[in-house]
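Here are my notes on the model you asked me to look over. Have the viewer open while you read.

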Amino acid sequence: MSLEIDCRLLRGKFSLDVQLSVERGSTLAITGENGSGKTSTLDMVAGLLACTEGKILLHGKALDDSTSGRFVQPELRGVSTVFQGGGLFSHLSVEKNILFGRNAAYKNTTKLDNTIGQFNLAGLMSRKPPTLSGGQRQRVALARAFLAPSDILLLDEPTTSLDAVSRDEVRRAMKAFFEIYDGVVILVSHDDTEVAELATQVARVRVSRDETTSAKLGGLVVK
Amino acid sequence: MKRNLSPPRGLWLFALPAAAIVVVPVIAVVWRTDWSNFFASISNDVSRTALVLSLRTSFFATSLALIFGTPLAWLLANRQFKFKAVVRALCVLPMVLPPVVGGVALLYAFGRRGLVGASLDEWFGIRLAFTETAAVLAQFFVAAPFFILVMEAAFDQVDRRLVGAARTFGAGPWRAFVTVTLGLVRPSLVAALVLTWARALGEFGATIAFAGNTAGRTQTVPLAVYSQLESGDQDALALSMLMMIVSLGVLIALRGRLISALRRGGQ
């Protein structure tokens, strides 16, 4: 049971080749310089971008396959995301953000209460994201992603915008969550400490600059 | 000595007359309005009928702009399609066209002998010209561009990644559109609706050409003002004053939002 990615993304002069395989219950960290295609890789897994060639398989079933033309819409992929900057809906309260896509039955459950406690959000539930600090926003985004039932969790630089104190806090929460999570985690990070602490495998995007810019993501380094 | 960078001198000389041209007529109307008979003037039969008709037709014209303009604005902001530049230019055309020319065009399209109107009459017995529906269509023709332009700018400002995030959290394309996209553009949507409604309420040229000036059927407030002015009726002044109050109310309700809405979708 795993996520298999073997695909190429072409966009104008930019080309990105991704060959990755992540087992359920493990955490893959993707590192590499800016603009090398880390976020695009997450977008392809999430279904926000289609592979130009190749395929993405989850537990043997195609999410995206350029040969058969299959493309599963994002809402049907069972992914959960923390985008760079959080990706919170600025017009909705923290509570509505966290419960986005959940039904009302989810309210007042212990899982919700635990997550609110874990991320220290109790006093923020009725606030709107623009009124929160960067660290608070990121905690809301993580709580939302952790609460969503998913097979794949995608995190795009979840601690980049945080100060040292909240970074440690958020990292501890991520570590605790990854230990009980039985899906696939892909974490994009610039931070070596974070990668060492959280990831079970690491992939680095290598960019070669010849006539066209191309990037390769693969060649797994297993810890 | 003022200690700052000196601006070009004498600009006030030109700026003040420009302001005066707008301000003096407003003062004149306030001054000449017979305030003791104001309510009597705006509630006489002709005025009241015109007011009710104006409110009804401008409501329908604004609703049409909302229903048909929103999808068009979204498509213009988000999709590439053939002749997009042409479609956008055609959407803006009524803004630069003299409204009376728009009315003439509507007449030749939907009038009894018109391009489409002839068939409408022949096949369905529908005659649009010189009806209340024609007044609604004339207002829509003139006012909808404001709605479409403001909303296109608003949709263009929406962070696509937020819509993507909504999709990954289980929202289908429609739900993501309604809960996230429309939620994010709501301030612009309100500004666009008020602006469109105000423009529809003030419509004159296209209405008189396509819908005529029949009291009780197509004589909206601006047409009533015109007719009363022609016959030397003092009530024209009271109705004008009322329209001014409404316009001022619109400006106050929107405050700075109107200008920022026009400039960049109001977000």
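The points below cover confidence and then the interface.

1. First, the ground rules. This is a predicted model, where local features need pLDDT of at least 70, side-chain atom pairs count only at pLDDT 80 or more, and totals for chains, interfaces and linings use all residues. Residues are numbered from 1 along each chain as its sequence is written, chains are lettered from A in the order in which they are written, and side-chain values use heavy atoms, leaving out hydrogens and water.

2. On confidence, chain A has an average pLDDT of 86, with 89% of its residues at 70 or above. (pLDDT is the predictor's confidence in each residue, from 0 to 100.) Be careful with residues 219–223 of chain A, where pLDDT stays under 50.

3. Now the interface. Chain A brings 22 residues to the contact and chain B brings 17, with contact meaning heavy atoms within 4.5 Å. About 1,600 Å² gets buried between the two chains, 63% of it on carbon and sulfur atoms. Buried area is the accessible area (1.4 Å probe) that two parts lose on being put together, summed over both. On the chain A side, A:E75, A:H91 and A:F100 lose the most area to chain B, together 37% of what that side buries.

4. How many salt bridges are there between chain A and chain B? The count is two, a salt bridge being a side-chain nitrogen of Lys or Arg within 4 Å of a carboxyl oxygen of Asp or Glu. The side chains of A:E75 and B:R167 form a salt bridge, at 2.8 Å from N to O.
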